[in-house]
Amino acid sequence: MAASNFKAKKRLEYKKPDFTATDIDLQFQLADDATVVRATAHYVRLSADPKAPLRLDGEELKLNDVLLNGQSCKYNVTDTELIVSEVPDDFELTTEVVISPARNTSLMGLYKSCGCFCTQCEPEGFRRITYFLDRPDVLAKYRVTIVGPDYGCGVLLSNGNLVESGIKDGLLYSVWEDPFPKPSYLFALVAGAFDIIEDTFVTKSGREVKLALYVDRGAYTRGTWAMQSIKESMAWDERRFNLEYDLDNFNVVAVDFFNFGAMENKGLNIFNSSCVLVDPQTATDTNYYTVQGVIGHEYFHNWTGDRVTLRDWFQLSLKESLTVFRDQEFSSDVNSRVLTRLDAINVIRSRQFAEDAGPMAHPVRPEQVMEMNNFYTVTIYDKGAEVIRMIHTIVGEEKFQKGIADYLARYDGQAATIEDFILTMETASLTDLAQFRRWYSQAGTPEVYAKWAWKSIDDNGNGKAQPALAANIDEKAIAAALNNEVVSDTQESANEECGCDENCKLVLTLTQNTPPTPNQSTKDPFVIPVRTSFLTKDGQSVVPPELPENGVLMFTKEEQSFEFTNLPKDTIPVVLRDFSAPVKLSAMYQTQDYINMLEHCDDPFIRVDSYMSLINAFVHQNIDKVKNGDLPEPTDIIKAISYVINDASIDMQLKAKLIVVPSLISLMETFKKIDLDGLDQTRKELSSLIARALASEYKDLEHKTRSSGKYKYDAQSAAQRALHNAAQYMVALGYLADDNGIKADDLISNAYENANNMTDRLAALSAACELELPCKSKLLDSFEQSYSHDPLTFDKFFSVQAAVSSEETIKVVRKLMDHKCFDITNPNRVRALIGTVGYNNPVALHRRDGMGYLLMLDVVRKLNDINPSVAARILDGLINYRRFDINRINKAEEYLNKMKAIPNLSRSVFEKISSALDSDTKQ
Ligand code: TRP
Ligand code: ZN
C-alpha cells in the first residue's frame, strides 16, 4: 500500500459492528513456518440491515478454507478483510488459515521468541492469527486447542482454565477454556520450554489460586522477585480496591522478544523478560522497582481492562490511565511514596510536556489515529494517570473508591467508554465534572501563572481587589516566569501595593493559558486543582481560615483570585503542592522564596521544583556568558545544596535528587527555543562549580552513605545507594574540576571493583563513561567479559555508552551496532542502544552535523520492514526537532524527508514523519 493511502480513523466515526461473535473455537497446529489455525466462531447479526455482509479483519494470512454452517460458501478476500455476503442472522463460520510465526519479526500476532511461540494481540494483532472481528467491542468466549510442534515443547498455554491435556499421535496437546467473554486483543497463546516457578495465593474469600511464572530455562532464581510481586499485587488490590482475582490459575510468561513492557492477556500475562528477571548481580534497584510496578500494572488490568474493557481504541486511556494510577498507588503503598511520586512527575515534566509541545500532541482521548500502535504514549498513560489523580484529589479517597466500585459493577463484562467512567464518577461522588472533561478532549499543557498581593481587609469592595489585580498583571513578568526566570527582587514584590501592617489579606491570583496544538488552535480553561499551603519567611507553615480542609483551590477560569486572612505579612503561598495538576507553573517567587521552600517545605515535589527553579534561573541568566568562559559562582545554589546535604531529616531518595544538577532533558523543558550547545555546556560547568565548592561535603556524604554487608533490595537500602552514588559522582566531578584526575579515576575504579551488586557497579561504570575517566575502557572490558553471555544484562553495556552526553556518542553507537551481541530484530537491544540516543540523549541525536539523524535514518531503513512499531517509537526525540536552532531544523528535515522516501514505508513510521513535517501548517 502506498504511504499516501494511509487514512486516519476518527473517534466520532465509531459505529457498532454489524455482527458480534459469541463463541470462538480455535485450533492451533504449531509449526515454525506453517502453523495451521482453524477457527469456528458463532456470529449473530446486530445490524438492522439483513443484507449487511460479514466483514472479518485479517492480515498476512494464507486462507485454506471457509465454511458457513459446515458448507462451502461465497466470499471475497482482500489484503485486510474476508467478506462473506449473504449470511443468515445467526450462524457458524469456520476458517482455516496458515501463518508463519518464525518469519514474523513485527512481534504482533503469533511469533517465535528464542525458540518459544508466543502472541501479542493488542491492539490489532489478532487479525494476523485468524480472520475475526478484531475490535475491542466484540466479546466472545474462547475455547483453544493447541497441538505442539513435533519437537519437545513442554508447555502449551492459553487463557483461562486448562480442561484437557495429553499426548495424541506423538504430539503434545492441551485445551483451554476462558469462562469470561473477552475481546480478541486479550487472547494469548504460549508454547515452549521453561523453568516454572509455582506458588499459590488464597484470596480473601478463601479461594486458592495457582500461580505460575514461566521463565527461560536456567533463569529460575531470577524470577523469585517477580513471583513475590505477583502475590503482593494480589493482596494489595484486595486491601486498597477490594478487588479479588477471578480465575483458578494466574500464569505469567517472560519472553525475550517483546515490543513493550508487558501485556495483560486474561489469566495469561506475557512479559518482556526485562520486566521480570532480576537478581542482585544483574539488576539494579531501578530494575527491581520496575519489575514490581509492571507486575502490578498487568495484574491490576484484570479488573481495569479485562473485566471492563474498551468500546474502541480511542478509549485506550480508560484502561491505561486507571491502571497506571493503580500501579503508582501500589508502588507508593508497598515501596516509597516519595520516590514513586517524584518519578511519575518527572515523566510528565520531561517527557509528556515534550510530547504536548511536539507534532504528535494529542488529547488523553485522541480524535484521530492513523496507526494505533503510535498511541501507547506518555499522554495516554501518564498524563491520563494524572487526570485520574486529579479526580481522586477532587472527590477524595472514599468517594473515589465508591466510584470505581460502581463503575466496575455497572460495566462488568462490557466494553465501556471514558464518558461512561466519568458519568459514574460524577454520580458516585455527587460532583459535577462537566468542565473537568476538557482534560480528556483538549491537548496541550496549561501554563499557569500565580501572583499575589496584600490588600487591606477593608479594601474589600466586593470584588474590587480582583479587577485591580487583573490589570496589574504584567505580560513581561508572565512571559519571564513561564521561561522560569526568577523575577528580580526589585522588579515585583507582593508588598508594594499595600501599606498596611495589620488587618491584611493575601490575594492570590491565578491565570491559565494553553498554547495551541495540532488541530486545536484554541482552548477553553481547565479545572485545575491547585493544592496550596502557606509558608512564612522563617519556614513556618501557617493555615488561613479560608483554605479548604483538603488544601485544594479549584481554579476553573482563565483568571481567578482567592483571598486569605490571618497570615503574617511575610507569608508566601506554596502552590501546586504534590504537582496537583499536570501544568507548567510559574509564579512571582523571588530567589529567597525558592530557598525557603527548598529548605523548609514539607512537600517533596515543592522542594525539587524550588531546587530546579534555582538552577533554571541560573542557567537562563548565564547561558550566554558561558561561551566566553565567564560563568559566575552559583552562590545561592551552593548554599542551598549545602543545607540539603546537612539536613538529616530529608528523605534520602529526595536528597539524591537535590544534590546533583537535573538532567539536560528536564532543563530543556523550561525553554521554548533551545540553545542546545549553550545549555549542555552551562549544565556541565555548573555541575563542576558545585562539585568543587562542596567537595568536602560530598566526600563526607559519600563516606557516610556507604553500605556494608550483603545486598538487599528494599526501599530504605535502595534510597541509601541512590544517595551514595549521587554523592560519589559529585566527588569524582570535584576531583576532575580540581585537576585531580587520578583521584577521580581511583574512586570510580575502586567503586566498580568493590561493588557487590549491579546498582553500584553500573553507577560506577556510568560515571567512568560520562566523565571520560582513564579507567573507562578497563571497566567496559571487564563488564563485557562478565556479561556478554547474558543479553538482557548486556543491554546495560549498550545503554550506558549510548547515554553519554557528547556528540562523539554517535560514532560509538555505530560501532556497537556491529557488536556480536547487538541484534536489530530484538526490541530490547534496539531500545538500549538506539532508543537511548533517540529519546535520552539530545546532544548526540541532534549533533550539529546531522550525523545523529543519519544514524536514525539508517536504523529506520532496516527496522521499517522488520518491526514498524519499534521503528516508529525510536523517532520520538527526532520529530521534536523544531525547538532547536534553524541549522538543526534544516538538517532534521533533510533526513526526515529521506526517511519519508523509504520504500514500503510502514503506516506507523509514516504517521510520525508526516506529522513532524506537516506541523508548520497544522499549528
Ligand atoms: N496494554 C499493555 C500495557 O499497558 C501495553 C501494550 C499495548 C503492549 N500494546 C502492546 C505491550 C504491544 C506489548 C506489545 O500493559
Ligand atoms: Zn497497561
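## Strand β15 and its neighbours

In this predicted model, A140 stands opposite K182 in β15. The two strands involved are β12 (residues 140-147) and β15 (residues 171-182); they run antiparallel and are joined by 7 bridges. Strands here are DSSP runs of E of at least two residues, helices are runs of H or I of at least four, and both are numbered from the N terminus. Two strands count as paired if DSSP finds at least two bridges between them.

Strand β14 (residues 161-168) also pairs with β15, again antiparallel and over 7 bridges. I167 has L172 in β15 as its bridge partner. β14 and β15 make a hairpin with 2 residues between them. D169 sits in that turn with a positive phi of about 50 degrees.

Strand β5 (residues 62-68) runs antiparallel to β6, joined by 2 bridges. There, L67 stands opposite S72.

## Overall fold

The chain holds 28 helices and 32 strands. Its radius of gyration is 29 Å, close to the 29 Å that the globule rule gives for 923 residues, so the chain is as compact as a globular protein of that length. The radius is taken over C-alpha atoms, and the rule is 2.2 Å times the number of residues to the power 0.38. The C-alpha trace spans about 90 × 70 × 60 Å along its principal axes.

Of the 923 residues, 61% count as buried. Buried means under 20% relative accessible area, exposed over 50%, and partly exposed in between (1.4 Å probe, protein chains only). Among contacts (heavy atoms within 4.5 Å) between residues at least 6 apart in sequence, 73% join residues at least 24 apart.

## The site of S805

S805 lies in the loop between α21 (791-802) and α22 (809-816). Is S805 buried or exposed? S805 is buried, at a relative accessible area of 14%. Leaving out residues up to four places away in sequence, S805 touches L664, D680, K684, E770, N841 and V843.

## Basis of the values

Residues are numbered from 1 along each chain as its sequence is written, chains are lettered from A and ligands numbered from 1 in the order in which they are written. Local features need pLDDT of at least 70, side-chain atom pairs count only at pLDDT 80 or more, totals for chains, interfaces and linings use all residues, and side-chain values use heavy atoms, with hydrogens and water left out.
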